[in-house]
Amino acid sequence: MFKKYQLKNGLSVLLVESHKSPVLSIQMWVKTGSADEKKGEEGISHFIEHLVFKGTRKFKVGQIASAVEAAGGELNAYTSFDQTVFYVTISKEFQNVGLDVISEMMGFPEFDEGEINNEREVVIEEIKRSNDSPHRQASRLLFETMYKKHPYGIPVIGYDKNIKTVSRKTILNYFHSRYNPKTMTLIVAGDFKSGDMKKKIETYFAGYKQNKLRAVKRASEVAGKKSAVIVKTAPFEETIVHLAFPVPRAAHKDIAALEVFALVFGQGESSRLNQRLRMNSHLVNFAGSSVFVARDPGFMALSLSLNAKDFAATMSAMLDEIQKILTEPVGGEELQKALTNIASEQYYSLETVDGLARKYGHYQDLFGEPKYFERFMKQVQSLTVQDVRAVARKYLNPKVASLVIMTPAKEKTITPLAKKWMIDFRALAGIKVSDAKTTRPTRGPRVSWSFKKPAGLHDGVEKFALANGITLITRPSFDTPSVSLRCASLGGSRLETKTNQGTTELLSRVWTSGAGPLSEMEMNARIDAMAASLSAFGGRNSEGLSMSCLKPFATDMMAMFFHTLTEPHFADTAVQREIKSMQEHIKLRKDNPAQLCILAFMKAMFGDHPYGHDPYGDEATIANLSAQSVRDIYQKKSGLTLVAAGAFEPKVLKQMVEDALGNLRPGEGKSQVFPIPFPKKAVAIFQQSAKQQSHILVGYPGLQLKDPNRYTLQVTQAILAGQGGRLFLELRDKASLAYSVSPMRMEGLEGGYFGAYIGCSPEKSAKAIEMMHTEFDKLKNVTVAAAELSRAQRYLIGKHDIELQKNSSISSAILFDHIYGIDYLETYHFAERIRAVTSDEIMKLAQQIFSQAAVTSLVGPQAPWIDAAADGNAQIAMSV
């Protein structure tokens with residue numbers, strides 16, 4: 001339950017108590033966004049989101065983040081069309097820190113002239129990053145097409161010309177006219193007592209003054225919008241298609257039926273678009289449907305990602321599916337699936353305090369009513385299959401449809417095909433509804449969501465060793481109705497040879513494509529109907545399965561999990577489909593220079609070791625793969641550990657495991673050892689890419705998974721990480737080099753790496769590399785101060801505790817520690833291990849790591865070392 005009230009100054013407050021974990025989420029929702037900006041102000045809301053972190057009357061630059069991270073918390077913010085949200089997640093022990101920081105940022109930012117100028121460069125780097133993203137650019141084209149007059153057609157991030165020139169005076173005027181207590185809602189969710197919290201909120205927020213609120217009148221779209229076909233040739237490999245239709249604002253009575261339609265038509269593996277376009281024919285890399293609901297009228301979009309050569313066939317198939325949904329009733333099972341998935345959202349949100357706060361914040365901000373979800377669910381539950389078809393016929397109207405296409409193909413090639421398709425689509429306008437009756441029920445049985453902890457159940461972690469060598473570890477918890485079950489074996493890409501690289505990735509894609517008595521289609525339908533997930537993973541050291549569901553479906557999902565583990569089909573149709581998907585993935589890598597940068601770095605750092613291989617292989621090795629390749633590597637995995645966390649009874653699960661897996665012989669759980677040929681001299685790799693940003697990774701040989709110094713290295717990483725860390729403060733806050741900069745770390749069975757990544761403008765590359773080395777040298781040569789060490793330790797411990805709110809995180813941590821030979825309870829000793837790290841240990845380890853040969857990988861328009869190399873760096877240049 002929640003409590004809602006208002007301070008005398010007009011600020012609204014929502015208190016949501018949850019005593020599941022000793023953590024709080026403190027969020028301020030400001031009812032102002034990019035759609036409230038005037039002409040010439042575009043981007044100012046997002047810019048202010050950045051600037052309030054840059055100092056207040058109490059906190060100087062960097063101190064806000066440092067204060068939160070020193071208390072083990074996390075903080076961030078985001079801007080949208082209708083609102084701006086600032087949030088802190090923090091231990092209940094340090095709740096005053098979170099309240100103080102949010103209070104200062106929202107009420108008393110300084111907007112220092114020098115910091116404004118520094119942050120201009122950071123936001124411009126963020127804009128460049130957006131310009132290099134095909135999906136962001138396709139989304140921008142979609143919104144520009146749907147909104148010719150309304151401000152939703154303007155990108156939230158704004159325009160670089162505005163960011164370069166907006167004055168401090170304009171920023172102050174906008175802030176004081178829109179950041180008003182009357183436009184703010186403070187949400188506190190988590191482990192607290194409402195009586196005590198009310199007193200604290202009065203202390204921190206009652207002093208806000210009511211400035212004059214600037215009224216905003218948003219332009220409306222012209223009534224009677226006509227259909228449009230927009231084709232744009234862009235410098236990307238991927239073709240992205242959006243077919244969009246106007247829909248009403250969020251509070252309209254038809255939104256519930258539209259959300260159900262979108263779920264049935266294009267959400268989940270069993271949805272109609274996914275089955276037809278991806279699973280059965282693999283015409284697309286992605287197919288989906290969604291409804292953009294907002295304060296003002298939104299739109300529904302059918303979205304595709306594909307190869308341009310498949311455009312005509314894909315659009316023809318989609319037209320067939322649209323015709324079916326317009327003429328034939330939605331199946332009863334499809335409707336029940338939608339109802340279950342929507343209902344399950346409120347239970348999944350219980351896992352974290354952030355989820356709780358977001359849920360209540362969303363409904364309060366959009367509808368002015370935190371309990372709106374209950375009204376929405378009543379609308380959803382009252383729907384019939386005829387209602388869903390009716391809303392589809394009402395809104396999938398060819399007369400107002402916009403077909404938006406961004407493609408590497410020439411416009412003159414795609415435009416005639418797109419216009420012809422729209423003509424065919426318009427021909428459906430008068431199509432009659434089928435009178436054929438379905439024998440399927442209108443709705444399936446209602447699900448019982450009640451759950452409580454069985455009497456006498458032990459809450460702790462238990463480990464069971466089965467007679468056949470399988471290990472089962474359980475950690476029951478009935479704080480929420482979620483269940484996570486995972487399993488893993490040693491194996492992964494280290495089992496591959498030079499000729500079958502990519503097999504592990506293929507295994508992870510097809511492992512769940514049918515098992516036991518169920519075909520792939522039947523599995524997908526059942527999983528989606530239970531609002532659950534079942535997926536496979538294959539990494540460099542291991543492979544396995546992951547399942548998440550809610551308690552009412554746990555028995556059925558676990559049975560499916562065990563069938564998938566022991567009786568996978570690996571059908572040739574699924575294998576061939578996913579081989580094609582992997583080939584497409586490799587072609588699309590030119591659109592992801594950061595990924596190319598990391599792959600080249602791994603190759604240079606690890607050489608012929610399995611860690612140096614591309615997990616996807618290459619075009620030659622992928623072409624060699626088959627269903628038999630997958631079966632072979634599936635059989636080679638070694639050992640088996642299962643870990644479950646959540647709302648279940650360990651004895652019942654243990655019996656299920658013994659019944660399902662008792663005849664399995666998983667092996668000893670050993671892995672072959674491969675020596676790593678780390679480079680002896682510094683190496684620099686350059687790949688040319690015609691993007692607006694360069695992507696750089698600088699790193700050194702690191703540690704093994706079980707190295708006793710691994711906690712020291714984690715603290716070292718934390719000193720560099722976060723908004724209060726050295727990389728953010730020096731390279732972003734002070735030097736304005738980038739939007740994205742962070743330390744990078746990997747531990748492996750034989751060794752790993754440690755370094756830093758940055759994405760920046762090409763002309764800043766040399767300075768960025770120089771400053772990263774400067775920060776590494778400081779760690780080698782200067783003792784870390786006690787306060788900074790404490791911040792890093794609390795930052796790590798806090799992140800760890802926040803993450804362990806989720807059952808899936810608990811099961812994952814226990815699982816991978818156990819299979820790699822670490823104590824399965826190690827995650828519960830994390831805090832004491834981190835607290836034990838000293839400054840001397842950090843310096844000693846830094847001297848060890850940063851005295852080795854460095855690898856520098858850069859993908860971008862140019863590299864600073866091409867003309868003049870230093871220190872005997874090996875140079876490798878290639879074109880992307």
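## Helices H9 and H12

Val-260, Leu-263 and Val-264 of helix H9 are in contact (heavy atoms within 4.5 Å) with Glu-334, Leu-335, Lys-337, Ala-338, Asn-341 and Ile-342 of H12. The model is predicted: local features need pLDDT of at least 70 and side-chain atom pairs pLDDT 80 or more, while totals for chains, interfaces and linings use all residues. Residues are numbered from 1 along each chain as its sequence is written, and side-chain values use heavy atoms, without hydrogens and water.

The axes of H9 (residues 255–266) and H12 (residues 332–348), lines fitted to C-alpha atoms over the stretch in contact, come within 9 Å and cross at roughly 115°. H9 is therefore roughly perpendicular to H12, a class that takes angles of 65 to 115 degrees. The crossing of H9 past H12 is right-handed.

## Strand S17

Strand S17 (residues 638–646) has nine of its nine residues buried, that is, under 20% relative accessible area with a 1.4 Å probe, protein chains only.

S17 pairs (at least two DSSP bridges) with S13 (residues 471–476) in parallel through six bridges, and Thr-474 has Ala-644 of S17 as its bridge partner. With S14 (residues 482–490), S17 pairs in the antiparallel sense over seven bridges; here Ala-488 is bridged to Thr-641 in S17.

## Helix H23

In helix H23 (residues 627–636), Ala-627, Ser-629, Val-630, Ile-633 and Tyr-634 are buried. Viewed down the axis of H23, these buried residues fall within an arc of 160°, so they line one face of the helix. They pack against helices H17 (503–510), H19 (554–566) and H20 (572–587) and strand S16 (542–550).

Note on methods:
Buried < 20%, exposed > 50% of the residue type's maximum accessible area, 1.4 Å probe, protein only. Helix = DSSP H or I, 4+ residues; strand = E, 2+ residues; numbered from the N terminus. Arc of directions from axis to C-beta. Axes fitted to C-alpha atoms, helices over the stretch in contact; angles between N-to-C directions. Parallel < 35°, antiparallel > 145°, perpendicular 65-115°, else oblique. Left-handed = near helix turned anticlockwise from the far one by under 90°.
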